[in-house]
Amino acid sequence: MSQPQISYEFFPPQTEAGRTRLIETAEALAVTDPAYFSVTYGAGGSTRTRTYETVVKLMENGMTTAPHLSWGDDSESTLVSLIEKYRELGVTHMVALRGDPPSGIGATARIRRAHSLVNLIRRHFGNTFNLYVAAYPETHPDAISPEDDIRFLRKKIESGADGCITQYFFNADSYFYFIDRCRSHRIETPIVPGIMPITNYEGLVKFSDGCGADIPRWIRTRLAHLADNPEDLLAFGIEVVTNLCERLLNGGAPGIHFYTLNKPHASVQIARNLGLG
Ligand code: FAD
């Protein structure tokens with residue numbers, strides 16, 4: 001079996017000092033030999049400049065970096081100019097998304113689906129970029145049905161995506177079942193599990209409720225009891241997530257994409273426990 005591919009996701013810091021700290025984080029993560037780092041993009045273009053500056057900084061420091069991108073309300077020419085700047089920087093990987101509209105403008109914002117962004121990138125830039133799209137083992141909250149969710153995923157692949165990164169989940173069976181369903185819908189690209197290290201209780205519960213990721217009751221209950229004991233909570237989280245990743249990799253997952261929340265410790269520890277890097 002080939003060595004699984006690891007990647008790490010960051011959000012763009014607010015300040016130059018924050019970007020400098022992020023380089024230290026990336027250097028700490030680089031010991032595990034990741035394939036790339038990715039940088040999120042605030043929907044509606046709200047982090048357009050910050051995401052770009054973060055990508056520049058990481059690339060200048062020799063880190064292969066994949067910007068996330070979504071249409072928001074931008075024109076095609078605005079997007080093409082931004083992507084052209086990424087191409088000139090030497091970017092070779094990109095994550096194409098619909099994005100979530102910032103709160104408050106949801107009802108009025110024009111929805112531009114991820115498949116149309118994949119189309120646009122392929123039309124203007126051919127095969128310059130390795131393109132990833134998002135996939136949802138536990139089904140996207142907006143999906144009409146789990147079947148439709150997979151149909152729309154297939155549309156993103158048919159538009160030219162090379163692979164998928166999943167929303168995070170804590171139940172390995174949801175991933176394996178999803179893979180079987182994708183394959184039966186002739187989606188043959190790699191589907192890399194997105195993994196959220198567990199490092200706190202309240203933030204995780206809030207975020208998971210928002211994006212439709214299920215925290216199994218046994219984990220939620222244990223975390224609630226450890227909420228005031230950060231060291232034990234971190235140790236429990238690392239153990240649970242290491243076991244999850246072990247099952248995924250043993251079951252054939254092509255790699256792991258870590259949602260780092262810009263903190264290196266838990267991701268590095270989990271990668272080391274897995275013997276990666
Ligand atoms: P799409 O695939 O366009 O659509 C989402 C869902 O809508 C589909 O799963 C499907 O069920 C349904 N759908 C699609 N097309 C149709 C149609 N024609 N008719 C009816 N229903 C349809 N968000 C950010 O804001 N910034 C980021 O940087 C970011 N990075 C992410 C990275 C990963 C790996 C993942 C998994 C998610 C990320 N997100 C990010 C969150 C993502 O933007 C949201 O989940 C968003 O709600 C959906 O984006 P998408 O690209 O999956 O959308």
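Visitor: What percentage of the 277 residues in the protein do buried residues make up?

Guide: Buried residues make up 51% of the 277, where buried means under 20% relative accessible area with a 1.4 Å probe and protein chains only. This is a predicted model, in which local features need pLDDT of at least 70 and side-chain atom pairs count only at pLDDT 80 or more, while totals for chains, interfaces and linings use all residues. Residues are numbered from 1 along each chain as its sequence is written, and side-chain values use heavy atoms, with hydrogens and water left out.

The largest nonpolar core has 86 residues, such a core being a set of buried Ala, Val, Leu, Ile, Met, Phe, Trp, Tyr and Cys residues joined through side-chain atoms within 4.5 Å. Helix H9, residues 230–250, gives the most to this core, with nine residues; helices here are DSSP runs of H or I with at least four residues, and strands are runs of E with at least two, numbered from the N terminus. The protein has 10 helices and nine strands.

Met94, Ile121, Phe170, Ile198 and Leu248 have the most contacts inside the core, a contact meaning heavy atoms within 4.5 Å. Leaving aside residues up to four places away in sequence, Phe170 touches Met196, Ile198, Leu204, Asp214, Ile215, Pro216, Ile219, Val241 and Leu244. Across the protein, 79% of the contacts with a separation of 6 or more are between residues 24 or more positions apart.

Technical notes
Buried means under 20% relative accessible area, exposed over 50%, partly exposed in between (1.4 Å probe, protein chains only).
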